[in-house]
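Please look over the sequence and the model shown below before reading on. The briefing that follows takes up the disulfides, a sheet and a single strand residue in turn.

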Amino acid sequence: MEVATGFVGGCNLQLLHRLKGSLMKLRLIAVIALFASTLGFAPAQAAESRVVTGVSAFVRVDLGYMVGWTLPADTKGITGYTVSSNTGVKCNANGGLTNKCVFPIASLGYVNTYTFTVVANTAAGSGPVSAASNAVKYASIPYAPQIPLAKITSDTSMDIAWVPDPNDGGAPLYGYKVNVWTSNANGDPTIAVFAAIALKTNISVTGLAPSTLYVINVASCNAYGCNSADKWAYISTTGPTGLSKLRPPRVISGGSATTTCWNAVLDGGNAASTGATFTKSTTACAATVVDPAKYPKIDPTATQMVSAPLATKFAQSVSFGGWSKTYSMKEWAATGGNNWFAYFFASSKTPTLGFTIEPVITSATPAVCRIDGRWVKFVAPGECVLNGSVGGDYVWLPSGVATSKFTIIP
């Protein structure tokens, strides 16, 4: 019996040691789980909860290469994010709730096409790599065409043609903006009589006044803006009194100090109504300056900076600026107010296009000031309170509301 009892006791002792070992393992696992939880990881969902989605990219000359993303489902323990371009250049964003990182233009350059991926960082390491963003490439406004040429086809009509620059700025042209104004005695544009987007390098204009001097301007346009380089052309219609008595300014352009001749403007294209070919050349410059085969391609739909709405749009800020603390009713009597349009800013406002999303400005004090088009009209002395915002589009989320206050005195 004693032997048997001793044998049983020995078995119980071994079992006890085994149980103690198992309990220690369970406690160790619990401690590891607690530690991982503190760092923001849960054993069953660590990888899944750290996935960054909706990575989007957008580039603009004044903003840089912007990369945004949708935050992971669980941001606890995330210390920041690392954004990597497909060329290996990185951008670091600190903070678990940060969802944007900006690469300066110079850090990536102006030539390559880029995509971006994002990983979430924690004290325990990096999470999974996100799917790649949409592809972006730096672009800007196109180069301007050469000075347009015009030919009078009747007392009230003209044909206009021009030679474009082959450089489209890195984005497809959606057309050429053609403007025609009457001219004053100084050669300055006055009344706009024609405005259109041409899809080829010539256009016909009708409905003009006889014996009138006109100013012509043609700009190349892409989604980032239009550029004419202020190259103007002047021509007078004929009529009962002949040509206009106004004398246009003499315009000389296109010279080069490294050549022995002026650059010619050749073969601007056939105008629609007459089939006339516009040619301006010199004996020293006999060759075509721009081969028509190198003209930029026109895509009438290429009016947006990105081809489709971004998966994750960017937040934008708005603000008022440029206002004085007080304005005098007497001083502003001639206009009755001040121009708010130039003193309101939004992230979506571009240097070349201005407001790409129409701003909404309201007066919270209509008895003191009211909105009339792009002007704040002064109604009575008192405090004027303005609220401003812009909506969203394919790149930007709607903004919050900015407020500006100033006092109107008698």
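Does C101 count as buried or exposed? In this predicted model, C101 has 5% relative accessibility and therefore counts as buried, since the cut-off for that class is under 20%. C101 belongs to a disulfide with C91, and the count of such links comes to three.

**The C91–C101 disulfide**

- The sulfur atoms of C91 and C101 are 1.9 Å apart, and the link joins distant parts of the chain, with C91 in strand β4 and C101 in strand β5 (residues 100-103), 10 residues apart.
- The torsion about the S-S bond of C91 and C101 is about -85 degrees, so this disulfide is left-handed.

**The C221–C226 disulfide**

- C221 and C226 form a disulfide in which the two sulfur atoms lie 2.0 Å apart, and because the torsion about their S-S bond is about 115 degrees, the link is right-handed.
- The two cysteines fall into separate accessibility classes: C221 is buried at 0% relative accessibility, whereas C226 is partly exposed, with a relative accessible area of 28%.

**The C369–C384 disulfide**

- C369 is joined to C384 with an S to S distance of 2.0 Å, and the link is right-handed, with 90 degrees about the S-S bond.
- Because C369 lies in strand β23 (residues 369-372) and C384 in strand β25 (residues 382-390), the pair ties together parts that are 15 residues apart in sequence.
- C369 is buried, with a relative accessible area of 0%, and C384 also counts as buried, at 0% relative accessibility.

**The sheet that contains β4**

- Strand β4, which holds C91, belongs to an open sheet of four strands in the order β4-β3-β7-β8, with antiparallel pairing.
- β4 (90-94) and β8 (125-126) stand at the edges of this sheet and have a single partner strand each, so one side of each is left without a neighbour in the sheet.
- β4 pairs with strand β3 (residues 78-85) in the antiparallel sense over five bridges, and T82 stands opposite N92 in β4.

**V55 and its surroundings**

- V55 lies in strand β1 (residues 53-60) and counts as buried, with 7% relative accessibility.
- Apart from its neighbours within four places in sequence, V55 is in contact with several residues, among them V67, W69, F116, V118 and A131.
- T70 is 15 residues away from V55 along the chain, and the C-alpha atoms of the two are separated by 6.8 Å.

Terms used: Residues are numbered from 1 along each chain as its sequence is written. This is a predicted model: local features need pLDDT of at least 70, side-chain atom pairs count only at pLDDT 80 or more; totals for chains, interfaces and linings use all residues. Side-chain values use heavy atoms; hydrogens and water are left out. Two strands pair if DSSP finds at least two bridges between them. Helices (H or I, at least four residues) and strands (E, at least two) are DSSP runs, numbered from the N terminus. Buried means under 20% relative accessible area, exposed over 50%, partly exposed in between (1.4 Å probe, protein chains only). Contact means heavy atoms within 4.5 Å. A disulfide is a pair of cysteine sulfur atoms within 2.5 Å.
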